[in-house]
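Hello,

Here is the structure I said I would pass on. My notes on it follow below.

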Amino acid sequence: MILHMLINNEIARDYYYNIIKPLVEHDKDSNDDLITSLKEYAINQCNVTKAAKELYIHRNTLTYRLNKIEDILNCNLDNYDIQLSLQLALKTLESDNLQ
């Protein structure tokens, strides 16, 4: 319910889209598909081994991608507040089909 309210709030949508926007733009300019890697990482509760298995890639490949995501977004994916913001940004992106 709260997630639905946040996603349907234009200010919140803009805020969360701006968080993820550099990653969306990077994916448009390259074949990295880092959004998918980040989504799978979030879905698997930030467990690199499980996420890599779901993506059918080696865990080192996912670690490389996550480091790249941290560089692009200038953040630390180990930080809980960052994880929460990115998960809400991903949900916003998903609901708006902005990808």
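Which residue just after α5 takes a positive phi? Asn-74 does, with a phi of about 50°.

This is a predicted model, in which local features need pLDDT of at least 70, side-chain atom pairs count only at pLDDT 80 or more, and totals for chains, interfaces and linings use all residues. Residues are numbered from 1 along each chain as its sequence is written, and side-chain values use heavy atoms, without hydrogens or water.

The protein chain has six helices and zero strands; helices (H or I, at least four residues) and strands (E, at least two) are DSSP runs, numbered from the N terminus.

Helix α5 covers residues 59-73. Leu-62, Leu-66, Ile-69, Glu-70 and Leu-73 are buried in α5, where buried means under 20% relative accessible area and exposed over 50% (1.4 Å probe, protein chains only). Seen down the axis of α5, these buried residues fall within an arc of 100° (taken from the directions from the helix axis to the C-beta atoms), so they line one face of the helix. The face turned away from that buried side carries the exposed residues Tyr-64 and Asp-71.

Leu-77 touches (heavy atoms within 4.5 Å) residues including Leu-66, Ile-69 and Glu-70, not counting residues up to four places away in sequence.

Regards

Terms used. The expected span of a helix is 1.5 Å times one less than its number of residues.
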